Amino acid sequence: MFDMHCHVDLIDPMNRFCATAAMLDISILAMTTTPRAYHAETNMLRNYQSVYVALGLHPQLVSERKQELAIFDRYVASSRFIGEVGLDFSKRFYSSKEDQVIAFEHIIQACVHSKTISIHSVFSDKQVLDILAKNSTTEHNRCILHWYSGSLKQLDRALEMGCYFSVNEQMLRSANGAKIIRRIPVERMVLESDAPFVG
């Protein structure tokens, strides 16, 4: 089993969690929320062969961490996995919309080929897909929409573009989440825990 979106650095103790996952034959794609955290987490988890660390800059942190794009640029060529990145236009983070778009475009333009990218798209599904389409990102990378909650119209567009979707148990607890999951072909669906946010 492969957990395609998990924040192991927010789980205490992180090392015991990763060791238990390995014992249960569960591989993990570990999201980072800042490029600086990626460097630290990569070093801390290098002995866990079933944990893969993704290079990220979470949209909710862009306003205070956009200067870390320089660190992102230092690691992106050697990173197979990118995440968590994207856009969040919810009320709380809407004020940083312009900075988020600039940062996400920068990140996407740096992903020239063969990356697996885990993408946050809260109240921004169309804008996320517009950026992916403008940069032909899905032609050369695997793009995964994490915990998708947007419209079915944009979901269909994402499928046409070749996107994947990571789904979690929380999505099954809402009518909209269950409707979205039913719409995704099983071959485009991967599993995520989004721990510790879901459970």
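The structure is a predicted model, and each value given below was computed from it.

Three strands build an open sheet in the order S1-S2-S3, with parallel pairing. Strand S1 (2-6) and strand S3 (51-53) stand at its edges; each has a single partner strand, so one side of each is left without a neighbour in the sheet. On average, neighbouring strands of this sheet are turned by 15° against each other, direction ignored. Strands S2 and S3 run parallel and are joined by 3 bridges. Within this pairing, Leu 29 has Tyr 52 of S3 as its bridge partner.

Ile 26 is placed in the loop between helix H1 (14-23) and strand S2 (27-30). Is Ile 26 buried or exposed, or does it fall in between? Its relative accessibility is 24%, and therefore Ile 26 counts as partly exposed; the limit for a buried residue is under 20%. Although Ile 26 and Phe 2 are 24 residues apart in sequence, their C-alpha atoms are 5.6 Å apart in space. When residues up to four places away in sequence are not counted, Ile 26 touches Met 1, Ala 21 and Ser 50.

The next sheet has 5 strands. It is open, its order is S4-S5-S6-S7-S8, and the pairing is parallel. Strand S4 (81-88) and strand S8 (189-191) are the edge strands, since each pairs on one side only. Here neighbouring strands are turned by 30° against each other on average, again with direction ignored.

The two ends of this sheet can be examined in turn. At one end, S4 and S5 run parallel and are joined by 6 bridges. Phe 81 has Thr 116 as its bridge partner in S5. How many of the residues of S4 are buried? The strand is mostly covered, with 8 of its 8 residues buried. At the other end, strand S7 (residues 164-167) pairs with S8 in the parallel sense over 3 bridges. Phe 165 stands opposite Met 189 of S8.

A helix accompanies the S4 end of the sheet. Helix H5 (residues 97-110) lies across S4 and strand S5 (116-122), and it runs at about 155° to S4. The length of H5 can be checked by simple reasoning: at 1.5 Å a residue, its 14 residues should span 20 Å, and this agrees with its end C-alpha atoms, which are 20 Å apart. The buried residues of H5 are Gln 100, Ala 103, Phe 104, Glu 105, Ile 107 and Ile 108. What covers these buried residues? The covering elements include helix H3 (62-65), helix H4 (69-75), S4, S5 and helix H6 (125-134).

The discussion now turns to the cores. In soluble globular proteins, nonpolar side chains tend to be buried together. The largest nonpolar core of this model has 50 residues, of which Ile 82, Phe 104, Ile 119 and Leu 132 touch the most other members. Apart from residues up to four places away in sequence, Ile 119 touches Val 85, Gly 86, Phe 104, Val 128, Leu 132, Cys 143, Ile 144, Leu 145 and His 146. There is also a second, separate core of 6 residues, including Met 4, Leu 29, Met 31 and Ala 54.

Two further residues complete the tour. Gln 154 lies in helix H7 (residues 152-161). Its relative accessibility is 9%, so Gln 154 counts as buried. The side chain of Gln 154 makes a polar contact with the side chain of Arg 157, at 3.1 Å. With residues up to four places away in sequence not counted, Gln 154 touches Asp 125, Lys 126, Leu 129 and Tyr 148.

Ala 195 is found in the segment after S8. With a relative accessible area of 5%, Ala 195 is buried. Where does the chain bring Ala 195 in relation to His 7? The two residues are 188 residues apart along the chain, yet their C-alpha atoms are separated by 5.8 Å. Ala 195 is in contact with His 5, Cys 6, His 7 and Ile 11, leaving aside its neighbours within four places in sequence.

Terms used:
Residues are numbered from 1 along each chain as its sequence is written. This is a predicted model: local features need pLDDT of at least 70, side-chain atom pairs count only at pLDDT 80 or more; totals for chains, interfaces and linings use all residues. Side-chain values use heavy atoms; hydrogens and water are left out. A nonpolar core is a set of buried Ala, Val, Leu, Ile, Met, Phe, Trp, Tyr and Cys residues joined through side-chain atoms within 4.5 Å. Buried means under 20% relative accessible area, exposed over 50%, partly exposed in between (1.4 Å probe, protein chains only). Contact means heavy atoms within 4.5 Å. Two strands pair if DSSP finds at least two bridges between them. Helices (H or I, at least four residues) and strands (E, at least two) are DSSP runs, numbered from the N terminus. Axes are lines fitted to C-alpha atoms, for helices over the stretch in contact, and angles run from 0 to 180 degrees between N-to-C directions. The expected span of a helix is 1.5 Å times one less than its number of residues. A polar contact is a pair of N or O atoms within 3.5 Å; within protein, one must be able to donate a hydrogen and the other to accept it, and residues adjacent in sequence count only if both atoms are side-chain atoms.
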